[in-house]
Amino acid sequence: MFLSTSRIALALALASSVFAAPSGFRSPHSSQSSSSSGAAYFITNDPSGNQIIAMNIASNGKLSGVSAVSAGGRGAHGISNPIGPDPLFSQGAIKASAAAKMLVTVNPGSNTLSMFAINPNNPTKLTMVGSPVSSEGEFPMSVAINAKGSMVCVLNGGTVNGVNCYTPDSKLGLIAKPNTLRSLGLNQTTPATGPAGTTSHIVFSEDGSKLIASVKGVPPTPGFLAAWDIAADGSLSAEPVKSTPAAGGLLPFSMTVIPGTNAILATDAGVGFDIFDFGSGGNGTSSGDSASSSVVPIDGQSATCWSSFSSKSGNFYLTDIGTATVTEVNVSKNLTGSIVKDADPIMQQYPQAKGSATIDNDVATVGKNNFLYVLAANATTVNVLSVNTPGKATPVQNFNFASAAKAAGIKFDKNNLQGMTTFVRD
């Protein structure tokens, strides 16, 4: 069943209370030690000053401690009714690169993004590199870093919307790349009005040959993915190729690359998820053509919007802000998507606390194990699940970062929280 604009608003209404006034934010010294395996990060996205929250990841996947550093700009909340979590209507507001040992975040209220060096011996220690740079648009809400860590791109979702890319420099920070500023031409506001009709996520294709942005539709008109070809010099094709979901698809949101393919799994808040095949031949496409696609419903879903992939289980994990549920999904070699089921058969779904507003998520490989980190904004927790075995995700921890933040003197508004990314040292 499709999700109307009113049902999207209802889903957000499940997560609409405020935690604390966003004033007097302090950045305490990090309490993490060099014994940590890595760190998990999200942003406060506070209009009075955006902050990066960092938490230590131990060898068993559990989180501890909270520290904060200024992101060098201001946050912003998109216009929605009611006001609730998922303020940027996006995935990827903050992104870490293990290859480059760097982190990049958006500052939506300042129309900038900032680059930080990650200390691999203490990954919660972040040092800004250079100064925040213009996103060359308005309301930046998602960033992407290529596999080599040599190219960073941002997706703007406001009145001036589209993409722009940068070369990260270890001393100077982000340097704008020529011939990468591209418009999507959407009729939007600053801050963006949504969730319907907004940009959502930006990613690189697995082979690094394409830059892809997702745009949600306005019911009953479906959204689309916009894909630019990336030239050898890093420049983007003048116009994107737009691909709409198959019949039933409506609101493509997050995008997760399907490993070993030239395809994308996109969550779809209107139905469940979509699969877009950019490959050549078979069910795919030739270069320059729109991607073929298929749509997979999730029964009982409300607003399935965020996704990530576990290399250990070989499956995808999708979070729904309305039902506070994680759904496990499999994509076959021929790009057929399905909900993982047990022997009964019952869908493999992992309910989190009711009304907790499960939004952004990320999978980290810690040692030989995969862990899923889910930001549950209304519950002020990051929920950790072990996702090593197909169909058997198991809870590891619900880390109450509000308690740790209060102890560290950190204040925030939980409706403004966004993003989830991880870094694990070698």
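What is the mean pLDDT of the protein chain, and what percentage of its residues reach 70 or more? In this predicted model, the chain averages a pLDDT of 91, with 90% of residues at 70 or more. One stretch calls for some care: over residues 1-34, pLDDT stays under 50. The model still has 101 contacts beyond four places in sequence for residues 1-34. Where pLDDT is low, the predicted coordinates should not be read in detail, and a friendly word of caution therefore goes with those contacts.

We turn next to the disulfide. The structure holds 1 disulfide, formed by Cys153 and Cys165, whose sulfur atoms lie 2.1 Å apart. Such a link is a covalent bond between the sulfur atoms of two cysteines. Cys153 belongs to strand 10 (residues 152-157) and Cys165 to strand 11, so the pair ties together parts that are 12 residues apart in sequence. The handedness follows from the geometry: the torsion about the S-S bond of Cys153 and Cys165 is about 105°, and the disulfide is therefore right-handed. Cys153 has a relative accessibility of 0%, so this residue counts as buried. Cys165 likewise counts as buried, because its relative accessibility is 0%. Another cysteine, Cys305, has 5% relative accessibility, and that value falls under the 20% cut-off for a buried residue.

Strand 11 (residues 161-169) runs antiparallel to strand 12 (residues 173-176), and 4 bridges join the two. The hairpin formed by strand 11 and strand 12 has 3 residues between them. Within this pairing, Pro168 stands opposite Leu174 of strand 12.

In general, strands of a sheet pair through backbone hydrogen bonds, either parallel or antiparallel. Here, strand 29 (residues 381-386) and strand 30 run antiparallel and are joined by 6 bridges.

Conventions. Residues numbered from 1 in each chain as written. Predicted model: local features only at pLDDT ≥ 70, side-chain atom pairs only at ≥ 80, totals over all residues. Heavy atoms only, no water. pLDDT = per-residue confidence, 0-100. Contact = heavy atoms within 4.5 Å. Pairing = 2+ DSSP bridges. Disulfide = S-S within 2.5 Å. Buried < 20%, exposed > 50% of the residue type's maximum accessible area, 1.4 Å probe, protein only.
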